[in-house]
Amino acid sequence: MIELLIVIVILGVMAAIAMPRFADSKRKAYLAAMKSDLRNIVSAAESHFADDGTYANWPGPAGTNGVVLTFIGALDSWEATATHASVPGVVCKISRGTAANAVTEAVCQ
């Protein structure tokens with residue numbers, strides 16, 4: 001009986017160690033999905049610009065797997081953001097154009 005109790009305690013300790021690591025890996029997966037969608041929006045926006053000569057009036061693609069994308073296009077520049085309900089308070093951004101604050105790689109804050 002004591003051996004069974006020791007095994008249960010050991011399993012409990014292992015589960016307590018594993019749960020935070022599992023939660024962190026889920027958060028990293030959500031961030032990766034947001035960044036991936038932003039990389040896809042870059043290709044689609046540049047393709048639209050090549051066809052129409054402007055980023056304005058392009059609605060932008062929808063996000064995948066719970067990612068919400070926002071695209072704001074102007075004549076020669078744009079900005080996109082990505083959020084996810086499972087990662088509250090984190091916004092990933094990317095922009096392109098003549099603005100001094102334009103970034104070419106997705107930045108999450």
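These legends describe close-up views of a predicted model.

**View 1. Helix H1 from end to end.** Helix H1 covers residues 2–52, a run of 51 residues. At 1.5 Å a residue, H1 should span 75 Å. Its end C-alpha atoms lie 75 Å apart, so the span agrees with expectation. Gly53 follows H1. The phi of Gly53 is positive, near 75 degrees.

**View 2. The buried residues of H1 and their cover.** The buried residues of H1 are Leu31, Ala33, Met34, Asp37, Leu38, Ile41, Val42, Ala45 and His48. Strands form part of what covers them. Among them are strand S1 (67–73) and strand S2 (78–84). Strand S3 (92–96) and strand S4 (107–108) are also included in the cover.

**View 3. The disulfide between Cys92 and Cys108.** The model has one disulfide. Cys92 is joined to Cys108, with an S to S distance of 1.9 Å. Cys92 sits in strand S3 and Cys108 in strand S4, so the pair ties together parts that are 16 residues apart in sequence. The torsion about the S-S bond is about 95 degrees, which means that the disulfide is right-handed.

View 4. Cys108 has 27% relative accessibility, so Cys108 counts as partly exposed.

Terms used. Residues numbered from 1 in each chain as written. Predicted model: local features only at pLDDT ≥ 70, side-chain atom pairs only at ≥ 80, totals over all residues. Heavy atoms only, no water. Helix = DSSP H or I, 4+ residues; strand = E, 2+ residues; numbered from the N terminus. Expected span 1.5 Å × (residues − 1). Buried < 20%, exposed > 50% of the residue type's maximum accessible area, 1.4 Å probe, protein only. Contact = heavy atoms within 4.5 Å. Disulfide = S-S within 2.5 Å.
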